[in-house]
Amino acid sequence: MCACVEKSAVETVYRKLQRNMQREEKQLDMLLEAVLNRLNDLKHSIGVMIHRLETEYETINWPTFLDNFALISSHLTGLMKILSTEIGTPLRNLTVLPLMLTPERDEALLQLTEGRVPIFSHDLAPDYLRTKPDPGAESRQAAHEAKANNLTVEASMKQVAQYNKVISHVWDIISKAKEDWENESSTRPGIQQTSSMADTQALVAAVGLGNGLTAPVGPPTGAGVMIPPAIRQGSPMSAVSPSGNAPMGKMPSGIKTNIKSANQVHPYR
């Protein structure tokens, strides 16, 4: 009778432990799924930001950059909130152990890590499974923290005052530049007119229709000017100067000319 009671008690405890383990496994699966989703969102946001910095570095503006950075910050905040809720067993109480270590290339691991980890060997496993910073970085961080802790109150207040002074000076420079720019924009005249529509229309009418143009009264005189035949027939022939240039006016010529009729046959024809 006692053996039966002990056996039933052991079975009851075993069932409770089994149910607790199943519940913890489900909670762990839910936690890991939420963390993975948040990590994928974070990775996508970082990739988009890097792509914009590489391809749109000439056209990207500061508000767009701040929006992308704010999106990354929100993903990090959500991830930290998920980890801080500690659904089920806290992750800090769990231990990750490698199931298999090999120096050869693992295609399944390469596909699972999207091409980032091709080999999971004895030399690389400690670096991949590390949950603390690198020893060198950890020592430098500890040195900075010790230096900050040893800083006196007076020295810290002095540094804060200097920092505020620099910020105020920069703020004054930016404010003054903004005021000058606004004043210049407000007092700047409008775009000066460089053309006249009336003159343009008058020029088009003169070129296309001849409006406002008058014909010359007499034939023009001077070297290099061609005179129409109707005007040239009634005028006496002018003398040619020895230099070969035509005279500027009508000058009397001492050379006798013999004007032959136009119906006389040329001797070389």
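Leu83 counts as partly exposed because its relative accessible area is 33%, where buried is under 20%, exposed over 50% and partly exposed in between (1.4 Å probe, protein chains only). Leu83 belongs to helix α2, residues 62–85; helices here are DSSP runs of H or I with at least four residues, numbered from the N terminus. Together with Leu32, Met80, Leu91 and Leu94, Leu83 makes a nonpolar surface patch with about 410 Å² of accessible area. Members of such a patch have over 30% relative accessible area and no salt bridge, and their nonpolar side chains are joined within 5 Å.

This is a predicted model, in which local features need pLDDT of at least 70, side-chain atom pairs count only at pLDDT 80 or more, and totals for chains, interfaces and linings use all residues. Residues are numbered from 1 along each chain as its sequence is written, and side-chain values use heavy atoms, without hydrogens or water.

## Helix α2

The end C-alpha atoms of α2 lie 35 Å apart, which agrees with the 34 Å that its 24 residues should span at 1.5 Å a residue. Its buried residues are Asn68, Ile72, His75, Gly78, Leu79 and Ile82.

## The largest pocket

The largest pocket has a volume of about 1300 Å³. Of its 30 lining residues, Leu32, Val35, Leu36, Leu39 and Val96 are closest to the centre. Helices α1 (2–55), α2 and α3 (107–112) each supply at least two lining residues, and α1 gives the most, with 9. A pocket is an open set of points on a 1 Å grid where a 1.4 Å probe fits, with protein on both sides within 12 Å along at least five of seven lines; lining residues have an atom within 4 Å of a point.

Technical notes
Patch = residues over 30% accessible without salt bridge, like charges linked within 9 Å, V, L, I, M, F, W, Y side chains within 5 Å. Areas by Shrake-Rupley, 256 points an atom, 1.4 Å probe, with all protein chains shown as cover. Salt bridge = Lys/Arg side-chain N within 4 Å of Asp/Glu carboxyl O. Points joined across faces, edges and corners; volume = space filled by probe spheres on them. Expected span 1.5 Å × (residues − 1).
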